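Trainee: I'm about to go through a new model, and I'd like to ask you some questions while I look at it. Could we take it piece by piece?

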Amino acid sequence: MVFVLLVALQLPLANFASAAEAAVASCFTPRLAQTLVACNPSVVGGWRKQSVVVLDGVLGREACERLRSEAEAIRSRGLLERAESSGDVMATQVTPDDDSMRRAATTLTALPRAIARAVGRRINDEVRGRQASGEAMSCLVEDGAHTNKLAVVETDGGAYLKHVDSILAGGMDPRKLTAIYYLNPNWSEAQGGHLRAWDAVVVGGDGGEAGPPAGGDGAVRVAPRGDRLVLFWSDGLVHDVEPLRIASEADHRWALTTWHLAADPAADRSLAQGLDPWLDVRHFGAPLTSLTAPARRLATRSLADACGRALQVMTRR
Ligand SMILES: *[C@@H]1O[C@H](CO)[C@@H](O)[C@H](O)[C@H]1NC(C)=O
């Protein structure tokens, strides 16, 4: 209760923001949170599988349609920039502090903060539930601080290359949990643009299309359907986006990504380590010798350089 009130006080767009938050929080069931936490390399050892948690019907179809038209309003006002990481993607960080953006998209600019609070708090509750009594570890910042990106793929054949969101060692990139909300109310299979994830298991979703049988390469595919929220650990999941087929503006693939920040990046075991060397070898062509420490640092650095520009775009405030 206190939590919802707090949000209402801090966000002038109290009605939608708190309703959105309540909806997100209520969908974020303990079971799903638990599954995610069980895969957290900073909480338990022996982490191998990465969960991709899929929540459907998070805000309702009407809200999703509204958010889509607000996203399009941001685009038509010229507030998107070409993402340097991928020439096919136009993107911006959304914030209610930008007057022009807030006027074009009052609900959309409030959403990432609401997601950051609701999901962050839910995850932390689970994490604390697993601590020995006396400890009170927080996994994620839960005051709403976050980074986000509203992105649209608007070019036929547009895609995202295989990557891990957060790969810098030493807590230099504090992003810990990725939450993607899709604004594609009329998405259909023929449009493509699935999120593809390796070494992953899909949890939740409304059936078949969330987790079709793993392809030959062991990847699972998640459809970017509207009103779907997808969650995964930013520092562990190898993923890409399959090419999109676009015939008209209605086929554009819109996604709002909220990156939750680690409460204490330096104390987080996996963030402190940076990209898992095995992932680097298996998915990004690093030589096996890079599994030894000094070479690994080099290899990780070269990958970091390659992703640096993408990272700048994604983390710009
Ligand atoms: C989705 O389809 C409905 C019904 O045809 C239409 O009213 C709505 O504008 C469409 N939304 C988008 C984003 O294309």
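Predicted model: local features only at pLDDT ≥ 70, side-chain atom pairs only at ≥ 80, totals over all residues.

Trainee: Does Leu 288 count as buried or exposed?
Mentor: Leu 288 counts as exposed, because it has 9 C-beta neighbours inside 10 Å. Residues are numbered from 1 along each chain as its sequence is written.

Trainee: Okay, and where is Leu 288?
Mentor: Leu 288 lies in the loop between H8 and helix H9 (293-315), where helices (H or I, at least four residues) and strands (E, at least two) are DSSP runs numbered from the N terminus. Its C-alpha atom is separated by 8.6 Å from that of Trp 278, although the two residues are ten apart along the chain.

Trainee: Which residues of H8 are buried, then?
Mentor: In helix H8, which covers residues 277-284, the buried ones are Pro 277, Leu 279, Asp 280 and Phe 284. They sit on the same side of H8, because they cover an arc of only 160 degrees around the axis, the arc being that of the directions from the helix axis to the C-beta atoms.

Trainee: What comes just after H8?
Mentor: Gly 285 follows directly, and it takes a positive phi of about 70 degrees.

Trainee: Which residues other than glycine have a positive phi?
Mentor: Asp 199 is one of them, with phi near 55 degrees, and Asp 227 is another, with phi near 65 degrees. Asp 199 has its place in the loop between strand E7 (195-198) and E8, whereas Asp 227 is found in the loop between strand E9 (219-222) and E10. Asp 199 counts as partly exposed because it has 18 C-beta neighbours inside 10 Å, while Asp 227, with 23 such neighbours, counts as buried.

Trainee: New topic: how many helices and strands are there?
Mentor: The protein chain has nine helices and twelve strands. Eight of the strands form an open sheet with mixed pairing, in the order E2-E3-E4-E12-E6-E10-E1-E8. Its edge strands are E2 (81-82) and E8, each of which pairs on one side only; two strands pair if DSSP finds at least two bridges between them.

Trainee: How does E1 run relative to E8?
Mentor: Strand E1 (residues 50-55) and E8 run parallel and are joined by five bridges. Gln 50 stands opposite Ala 200, Ser 51 has Val 201 as its bridge partner, and Val 53 stands opposite Val 203.

Trainee: Why is E1 called largely enclosed?
Mentor: Six of its six residues are buried, so E1 is largely enclosed by the rest of the structure.

Trainee: Which residues have the most contacts inside the largest nonpolar core?
Mentor: They are Val 52 and Tyr 181, in a core of 82 residues. A nonpolar core is a set of buried Ala, Val, Leu, Ile, Met, Phe, Trp, Tyr and Cys residues joined through C-beta atoms within 7 Å. Helix H6 (residues 106-129) gives the largest share of this core, ten residues. Leaving aside neighbours within four places in sequence, Val 52 is in contact (C-beta atoms, placed from the backbone, within 7 Å) with residues including Ala 197, Val 220 and Leu 237.

Trainee: Last one: which residues are around the ligand?
Mentor: Around the ligand are Glu 65, Arg 68, Pro 185, Asn 186 and Ala 250, where a residue is near a molecule if its C-beta atom, placed from the backbone, lies within 6 Å of it.

Terms used: Buried ≥ 20, exposed ≤ 12 C-beta atoms within 10 Å, placed from the backbone. Contact = placed C-beta atoms within 7 Å.
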